[in-house]
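Please report on this structure. Cover the chain contact, the symmetry, the strands and the charged pairs.

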2 protein chains.
Amino acid sequence: MATALNIPIDRSSPVPLYHQVVQGIEGMIRSGALEPGSKLENEIELAAQLNLSRPTMRKAMDELVRAGLLVRKRGVGTQVVASQVRRHLELSSLFDDLARGGKAPATRVLSFRHGPAEPEIAETLQLPPGVGVYHFTRLRSVDEKPLALMENWVRDDVAELTEVGLRDHGMYQILRDAGVNFRLANQRIGAAVADAHQAELLEVAAGSALVTMERTAVDDTGRSVETGRHAYRADSYSFEMTLVQR
Amino acid sequence: MATALNIPIDRSSPVPLYHQVVQGIEGMIRSGALEPGSKLENEIELAAQLNLSRPTMRKAMDELVRAGLLVRKRGVGTQVVASQVRRHLELSSLFDDLARGGKAPATRVLSFRHGPAEPEIAETLQLPPGVGVYHFTRLRSVDEKPLALMENWVRDDVAELTEVGLRDHGMYQILRDAGVNFRLANQRIGAAVADAHQAELLEVAAGSALVTMERTAVDDTGRSVETGRHAYRADSYSFEMTLVQR
DNA sequence: CAGTGGTCTAGACCACTGC
DNA sequence: CAGTGGTCTAGACCACTGC
């Protein structure tokens, strides 16, 4: 009954073996070769099929379980999840998400300042003495339609930001290019109604629903690099995610 | 410079060793024994200190990285994240969240039906022929204040639901008690403005902001057990989460 | 170059499930 | 009871970082 894996493993590839397995199983699920609800062989058998050790096979399975593609039960086995799975909510930027979706995002920089931080922002970013911030607001549109109003603060010791740079590129892209490796973000999603100013910029009626998001992002040295408050048109944007039981 | 770990490891405990380490480090971070931004010893040294193998130590570290408490960098080392971390968005229920927060949630069951599913719901839950659904709406309040309006559909072959049961217990608790092991959920968070009906029940002005959430939950056999649409008062509720770079 | 985390192996023993 | 995933060990070799 269980489906055998037909995954090419390239031991000379720089891609880790467990990740080749992850990609292979993801591909088989996407292509339909592994049907929703179908059962996999036990992990010892699968490891043998692919000439891998059991820990390596397990590491691949663990990742797929965390991604929400497989479910496992001790004493029973491993199954492909019987429902369509959305992409896991990742640490990504709006600009990248839009670009990946084939859209052409456009950005208008509404304000841009550089200087010392207000106490509240200094506290949020835990700024050391002498470190200032860039503070700017942007309006992001897709196909001429306004989508998001974004206010952000960025430590000024991680990169040099300019108004022109922010108009032409996503903020995360600029920071990554400057050598910032983002590791995690704390974020809060809520709702609000548009005030007159927001309504005019986002081209909706005052009183329309907005999805609000506050985020602070941390890099691989543990520093809080960036914090921001965003408002999205609720008719054009929502946050999708897959939660996995720990 | 690096802080030594002072964690009791009990090899006779049913709690896995790696999880004892996770709990120990979490505790040291919470108590301040491990300061934000401080560096840990390398993992081989830490494993030796606790008399554990390196893979076991690594498994604990991996979990803490995923939880957003540690950041690691190859060739450099491991650090405690320098910012306050919120709890990871988990697969949990509103009722449990409120109860954990020391609140006393109250539920009013506004409607309750049992029968065949509408085609859209049957599709969402991928119901097999002959399986019906419970369909109900609830108003959840905390300290007499309305917080959420919830409409849910539950497969009728996983548990027997009653109006009284739903009034006195959280839905997830009832399902877990009936033997359902939830594994993952797909959810979408957005915003809306309250219509007259919602406004009256939630005791806000019509036109107030609401946080909306749609969710479908999957159990350990891969079945979609439950789907629902919820609306929360935006002035009292938001979704917090920590995203970790994959 | 020394130090760090990342990957991988070949085992062992155990807990849980369903018959 | 047989079958499954869960935990754990003691190594090995490698890639990357910062000096």
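## One arginine to start

A:Arg108 sits in strand E3 (residues 105–115) of chain A. Helices (H or I, at least four residues) and strands (E, at least two) are DSSP runs, numbered from the N terminus. Leaving aside residues up to four places away in sequence, A:Arg108 touches A:Thr137, A:Arg138, A:Leu139 and A:Leu201. Contact here means heavy atoms within 4.5 Å. A:Gly130 is 22 residues from A:Arg108 in sequence, and their C-alpha atoms are 30 Å apart.

This is a predicted model, in which local features need pLDDT of at least 70, side-chain atom pairs count only at pLDDT 80 or more, and totals for chains, interfaces and linings use all residues. Residues are numbered from 1 along each chain as its sequence is written, chains are lettered from A and ligands numbered from 1 in the order in which they are written, and side-chain values use heavy atoms, with hydrogens and water left out.

## The contact between the chains

Chain A gives 51 residues to the contact and chain B gives 51 residues. The size of an interface is often given as the accessible area lost when the parts come together. Between chain B and chain A the buried area is about 4,700 Å², with 50% from carbon and sulfur atoms. Buried area is the accessible area (1.4 Å probe) that two parts lose on being put together, summed over both.

Twelve residue pairs are in polar contact across the interface of chain B and chain A, both residues being at pLDDT 80 or more. A polar contact is a pair of N or O atoms within 3.5 Å; within protein, one must be able to donate a hydrogen and the other to accept it, and residues adjacent in sequence count only if both atoms are side-chain atoms.

On chain B, the elements giving two or more residues to the side that touches chain A are strands E2 (70–73), E7 (182–193), E8 (209–219) and E10 (239–244). E7(B) supplies the largest share of that side, twelve residues.

E10(B) pairs with strand E6 (residues 182–193) of chain A, antiparallel, over six bridges. Two strands pair if DSSP finds at least two bridges between them. A:Arg188 stands opposite B:Glu240 in E10(B).

## Charged pairs

The whole structure holds 20 salt bridges over all chains. Four salt bridges are counted between chain B and chain A. A salt bridge is a side-chain nitrogen of Lys or Arg within 4 Å of a carboxyl oxygen of Asp or Glu. Two examples follow.

| Salt bridge | N to O distance |
|---|---|
| A:Arg188 and B:Glu240 | 2.8 Å |
| A:Arg54 and A:Glu43 | 2.6 Å |

A:Arg54 lies in helix H3 (residues 54–66) of chain A and A:Glu43 in helix H2 (residues 43–49) of chain A, so this pair ties together parts eleven residues apart in sequence.

## Symmetry

How is chain B superposed on chain A? A rotation of 180° with 0.1 Å of shift along its axis does it (RMSD 0.1 Å). That is the relation of a two-fold axis. B:Ala191 has the C-alpha nearest the axis in chain B, 2.6 Å from it. Both copies use the same surface: 100% of the contact residues of chain B recur in chain A. Copies are superposed by least squares on the C-alpha atoms of residues with pLDDT of at least 70 in both.

## A sheet in chain B

Chain B has an open sheet of three strands in the order E1-E3-E2, with antiparallel pairing. Its edge strands are E1 (39–40) and E2 of chain B, each pairing on one side only. E2(B) and strand E3 (residues 77–80) of chain B run antiparallel and are joined by four bridges. B:Leu70 has B:Val80 in E3(B) as its bridge partner.
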